[in-house]
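Look at the sequence and the model below.

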Amino acid sequence: MVRELGGPDSMRLEEVDPGEPHDGFVRVAVRGAAINFPDVLMIAGLYQVKPELPFVPGVEVSGEVLSAPASSGFNAGDHVMALLDSGGLTRGGYAEIADAAPQSVVRMPDEMSFEDGAGFTLIYQTGWFGLHRRAKLQPGETLLVHAAAGGVGSAAVQLGKAAGATVIATAGSDEKVAVCLKLGADHALNYKTQDFVEEVKKLTDGRGADVIYDPVGGEVYDRSTKCIAFEGRIVLVGFTSGHIPQAATNHILVKNYSVLGLHWGLYARRAHELIPPATHSLLDLYRSGKIKPHISARLPLTEAPRALAMVAGGKSTGKVVLRP
Ligand SMILES: NC(=O)c1ccc[n+]([C@@H]2O[C@H](COP(=O)([O-])OP(=O)(O)OC[C@H]3O[C@@H](n4cnc5c(N)ncnc54)[C@H](OP(=O)(O)O)[C@@H]3O)[C@@H](O)[C@H]2O)c1
């Protein structure tokens, strides 16, 4: 429970009466709650969505349905993954019980664990819309993924490989580089010790990357414009560096590349009909073993502040999941 905005230690473990399920919502006994970078910002009061205080953080869970409206198609006992709309609600996923709108609930495949289910939706949906809908990644193209050992980055590496691209990954330490290679990247670079612009040019015979997936922003974006291919596409996914780059439109013009914004949540609100087909494709890829969340830490709810600090400090790889 967050009663005052601040760092990870501003969360307190409290017993709260869950009350009746939110009207028309599916009530879930949470078995896994993913930590997402925006949670860090939300708890600090720095995110665009600002829930009323006090609130329980967490927007992504897996679990077992406790109760559901008859019209929802879900029944008690179903294993589901769900996104929680933090908009008007103040009870999120770092909890034993959460309520989700039926359209944000998806039945998990039998073979999916609660940990995988908790860390599945946001990273792969973001990757799917970024790489396919926005960048129209083609088989045989070169995809450069930054922060590739992180949550959204690791998903983009796997989706890029599944789409038949050659994937070059960057990450901020040698340990993370090893994770990228394990995820299936064809090449992985430590951008703190290697010049990724030069390396990408070398690996592509001077052409550059066709698609660049950038969750970092700042200097990483600026340098990406130096190794984007003719008719390449840079997808802006996030600004974990804390710096929002300014696009040089003259450079975009003279080099014939595109800079594409990606805000997945807006698809959920404005074009929801695009999401079930994406979910269907993603679950097929999961069943065939082509994508699987890289869960690097599992912690009990009591350790939520430590779990959040791992993600906030850029120390984690893949997903960190709470097990209430
Ligand atoms: N556009 C969308 O629709 C959408 C959807 C979901 C998430 N996002 C955004 O995507 C970004 C990544 O989210 P995520 O959950 O994948 O986070 P994550 O797992 O924590 O990965 C972020 C990575 O960014 C890198 N990084 C670089 N500078 C950093 C800094 N100053 N502090 C912390 N990390 C830094 C770190 O990797 P290295 O050490 O390798 O640099 C870190 O591991 C976030 O900005 C999030 O808001 C966007």
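In this predicted model, strand β9 (residues 209–214) runs parallel to strand β10 (residues 228–236). Five bridges pair the two strands. Tyrosine 213 stands opposite valine 235 in β10.

Where does this pair sit in the sheet? The order is β8-β7-β6-β9-β10-β11, in an open sheet of six strands with parallel pairing. The edge strands are β8 and β11 (258–261), and each pairs on one side only. From one strand to the next, the twist averages 20 degrees. As a rule, side chains in a regular strand alternate between the two faces of the sheet.

| Strand pair | Sense | Bridges | Opposite residues |
|---|---|---|---|
| β6 (residues 142–145) and β7 | parallel | four bridges | valine 145 and alanine 169 |

Now take strand β7, which covers residues 166–171. Why is β7 described as largely enclosed by the rest of the structure? Five of its six residues are buried, so the rest of the structure largely encloses the strand. Buried here means a relative accessible area under 20%.

Strand β7 pairs with β6 through four bridges. Valine 145 stands opposite alanine 169 of β7.

How does the chain get from β7 to β8? The path goes through helix α5 (residues 174–183), and this β-α-β crossover is right-handed. There is also a right-handed β-α-β unit made of β6, helix α4 (residues 151–162) and β7. Helix α4 lies across β6, β7 and β9. Its direction is at about 170 degrees to β6.

Next comes helix α3, residues 121–134. Ten of its 14 residues are buried, so helix α3 is largely enclosed by the rest of the structure. Among the buried residues are Leu122, Ile123, Tyr124, Phe129 and Leu131. Gly127 and Gly130 are buried too. Just after α3, lysine 136 takes a positive phi of about 50 degrees.

Threonine 121 belongs to helix α3. Is threonine 121 buried or exposed? Its relative accessible area is 13%. The cut-off for buried is under 20%, so threonine 121 counts as buried. Which residues does threonine 121 touch, leaving aside neighbours within four places in sequence? Its contacts are Glu60, Met81, Leu83 and Thr126.

Finally, step back to the whole chain. The chain has eleven helices and 13 strands. Its radius of gyration is 20 Å, close to the 20 Å that the globule rule gives for 324 residues, so the chain is as compact as a globular protein of that length. Along the principal axes, the C-alpha atoms fill a box of roughly 60 × 40 × 35 Å.

Of the 324 residues, 52% count as buried. The accessible surface of the chain is about 14,700 Å². Carbon and sulfur atoms account for 52% of that surface. What share of contacts between residues at least 6 apart in sequence joins residues at least 24 apart? The share is 69%.

Note on methods:
Residues numbered from 1 in each chain as written. Predicted model: local features only at pLDDT ≥ 70, side-chain atom pairs only at ≥ 80, totals over all residues. Heavy atoms only, no water. Buried < 20%, exposed > 50% of the residue type's maximum accessible area, 1.4 Å probe, protein only. Pairing = 2+ DSSP bridges. Right-handed = clockwise from strand over helix to strand, strands pointing away. Rg over C-alpha atoms; globule rule 2.2 N^0.38 Å. Contact = heavy atoms within 4.5 Å. Areas by Shrake-Rupley, 256 points an atom, 1.4 Å probe, with all protein chains shown as cover. Axes fitted to C-alpha atoms, helices over the stretch in contact; angles between N-to-C directions.
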